[in-house]
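Please read it alongside the sequence and the coordinates.

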2 protein chains.
Amino acid sequence: MTTPATSPPPSKRGLFIALDGPDGGGKTTQAARLVEWLRGRGRDVVACRDPGGTPLGDRLRFLLLERSAWSIGLRAEMLLYMASRAQLVDEVVRPALAAGRDVVSDRYLLANVVYQGHAGGLPLEEVWGVGRAATGELMPDLTLVIDVPPEVASARVARPRDRIEDRPLEYRRRVREGFLLALETYPSPIVLIDGSVDRDTVAAQLQNEVQRALGIGPRP
Amino acid sequence: MTTPATSPPPSKRGLFIALDGPDGGGKTTQAARLVEWLRGRGRDVVACRDPGGTPLGDRLRFLLLERSAWSIGLRAEMLLYMASRAQLVDEVVRPALAAGRDVVSDRYLLANVVYQGHAGGLPLEEVWGVGRAATGELMPDLTLVIDVPPEVASARVARPRDRIEDRPLEYRRRVREGFLLALETYPSPIVLIDGSVDRDTVAAQLQNEVQRALGIGPRP
């Protein structure tokens, strides 16, 4: 596990935490548990998901994940995720952080770098360039990557699968590789969590990392 | 009028012509007339519009131009146009050009640079960076900008107006400025057409410029 080289952000601004990783790692469940845990520590937390989280974003999420009659190329796919994220940042994340609230997001920019860049084949520099324009360079204070081997993930992903989950095992192997590679290249603090163990242990790992990295003390 | 510093593209590939300019200049009508004129010269032409032109793009066009209940920030707006364009390039423009067909597009990348960049305030370098990623650097062989003063344009735009047309006169003034500025900065050939005269004269100007710039000879 990597120790992020970060100091806690100024106390007036909220903390921005993103969960990411291959499908089937239990991100959504763990994001909800982390939000509850933070609230139990007296923190004011906004939970969101990316793509989605706004009326525009929810429409784009539907366009992206439904197995639809219309085709979506790799560049259009990446740009739709980015459009949803741009709206999420403007409408939800920045206002919440500015008001001193924490934000826990189920995925963020890292997913595009990995899925459309590393696994899909778009030049990483292009994805990063678009990402900077979409977010106005707002990066999480901490990104937690819940890692699971593709075989474990595959067995866990619910059916019917969405358009992305339905891609072949080879694609999902490259996705995992991309997340592992990001540990060395991601420009903001990132920590790997073992998602192959039981849910309570995963939740405890997440809480420890958040506590350690962001300087959140014990329950008040 | 600027003479584009271009030589005709290799004869096997089709010609890519974009029409652009402020709303109310008659672009859509003129694009249709130009397509007919080119076909009358024996050219095989695909007509498209941007945003739109694909099943995904038409859905995005609706999201962008309807005066809707959900809000769309400037960054999300720019990225949605780019997503529609990326799909148009992949699904329509590149295959047509590769098959030796011409493409006439009602708007293209220049519109984003002007509307969201120059008029909207997004950094131009960001819009260009995203544009390169969206199009894979495919630029028109010729962009024809039909120019009209905002007051003339304003009187011409049909009611009810869409979400973009409904913006204040000051915004539309900056849009026009942006198109005029592009004559000096656009990285591919661009020609200004006076759109304030009657339709037949505008059509004749467009035909002359296409003939001159792209080396299309008289009717076979």
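Two strands count as paired if DSSP finds at least two bridges between them. Strand β1 (residues 16-20) of chain A and strand β4 (residues 142-147) of chain A pair in the parallel sense, with four bridges. The model is a predicted one. A rotation of 180°, with 0.0 Å of shift along its axis, superposes chain A on chain B at an RMSD of 0.0 Å. The two copies are thus related as by a two-fold rotation axis.

**Sheet of chain A**

- Chain A holds an open sheet of five strands in the order β2-β3-β1-β4-β5, with parallel pairing.
- The edges are β2 (45-49) and β5 (190-194) of chain A; each has a single partner strand, so one side of each has no neighbour in the sheet.
- On average, neighbouring strands of this sheet are turned by 20° against each other, direction ignored.
- β1(A) and β3(A) run parallel and are joined by four bridges, and in β3(A) the bridge partner of Ala18(A) is Ser105(A).
- β2(A) and β3(A) also run parallel, joined by five bridges, and Val45(A) stands opposite Asp102(A) in β3(A).

**Strand β3 of chain A and Ser105(A)**

- β3(A) is mostly covered, as five of its five residues are buried.
- Asp102(A), Val104(A) and Asp106(A) point one way from the strand, while Val103(A) and Ser105(A) point the other way, and all are buried.
- Ser105(A) belongs to strand β3 (residues 102-106) of chain A.
- The relative accessibility of Ser105(A) is 1%, and the cut-off for buried is under 20%, so Ser105(A) counts as buried.
- Apart from neighbours within four places in sequence, the contacts of Ser105(A) are Phe16(A), Ile17(A), Ala18(A), Leu19(A), Cys48(A), Arg49(A), Asp50(A) and Leu88(A).

**Sheet of chain B**

- In chain B, five strands form an open sheet with the order β2-β3-β1-β4-β5 and parallel pairing.
- β2 (45-49) and β5 (190-194) of chain B stand at the edges with a single partner strand each, so one side of each is left without a neighbour in the sheet.
- Neighbouring strands here are turned by 20° against each other on average, direction ignored.
- Helix α7 (residues 169-185) of chain B packs on this sheet and touches β1, β4 and β5 of chain B.
- The direction of α7(B) makes about 135° with that of β5(B).
- Strand β1 (residues 16-20) of chain B pairs with strand β4 (residues 142-147) of chain B in the parallel sense over four bridges, and the bridge partner of Leu19(B) in β4(B) is Leu144(B).

**Helix packing in chain A**

- Helix α3 (residues 74-98) of chain A packs against helix α4 (residues 109-119) of chain A at an angle of about 175°, and their axes are 10 Å apart.
- Angles over 145 degrees count as roughly antiparallel, and α3(A) is therefore roughly antiparallel to α4(A).
- On the α3(A) side, the contact is made by Leu74(A), Glu77(A), Met78(A), Tyr81(A), Met82(A) and Arg85(A).
- On the α4(A) side, the contact is made by Leu109(A), Asn112(A) and Gln116(A).
- The residues of this contact comprise five nonpolar, two polar and two charged.

**Where the chains meet**

- The copies meet through the same surface, because 100% of the interface residues of chain A are also interface residues in chain B.
- Val130(A) comes closest to the rotation axis among the residues of chain A, at 2.6 Å (C-alpha).
- Helix α2 (residues 55-65) of chain A has as its buried residues Leu56(A), Gly57(A), Leu60(A), Leu63(A), Leu64(A) and Leu65(A).
- These buried residues of α2(A) pack against α3 of chain A together with α2 (55-65) and α3 (74-98) of chain B.
- Arg75(B) is found in helix α3 of chain B and counts as buried at 18% relative accessibility.
- Not counting residues up to four places away in sequence, Arg75(B) touches Ala86(A), Arg132(A), Ala133(A), Ala134(A) and Gly136(A) of chain A, along with Leu122(B) and Glu126(B) of chain B.

How values were computed
Residues numbered from 1 in each chain as written. Chains lettered and ligands numbered in written order. Predicted model: local features only at pLDDT ≥ 70, side-chain atom pairs only at ≥ 80, totals over all residues. Heavy atoms only, no water. Axes fitted to C-alpha atoms, helices over the stretch in contact; angles between N-to-C directions. Helix = DSSP H or I, 4+ residues; strand = E, 2+ residues; numbered from the N terminus. Parallel < 35°, antiparallel > 145°, perpendicular 65-115°, else oblique. Contact = heavy atoms within 4.5 Å. Nonpolar A, V, L, I, M, F, W, Y, C, P; charged D, E, K, R; others polar. Buried < 20%, exposed > 50% of the residue type's maximum accessible area, 1.4 Å probe, protein only. Least-squares fit on C-alpha atoms with pLDDT ≥ 70 in both.
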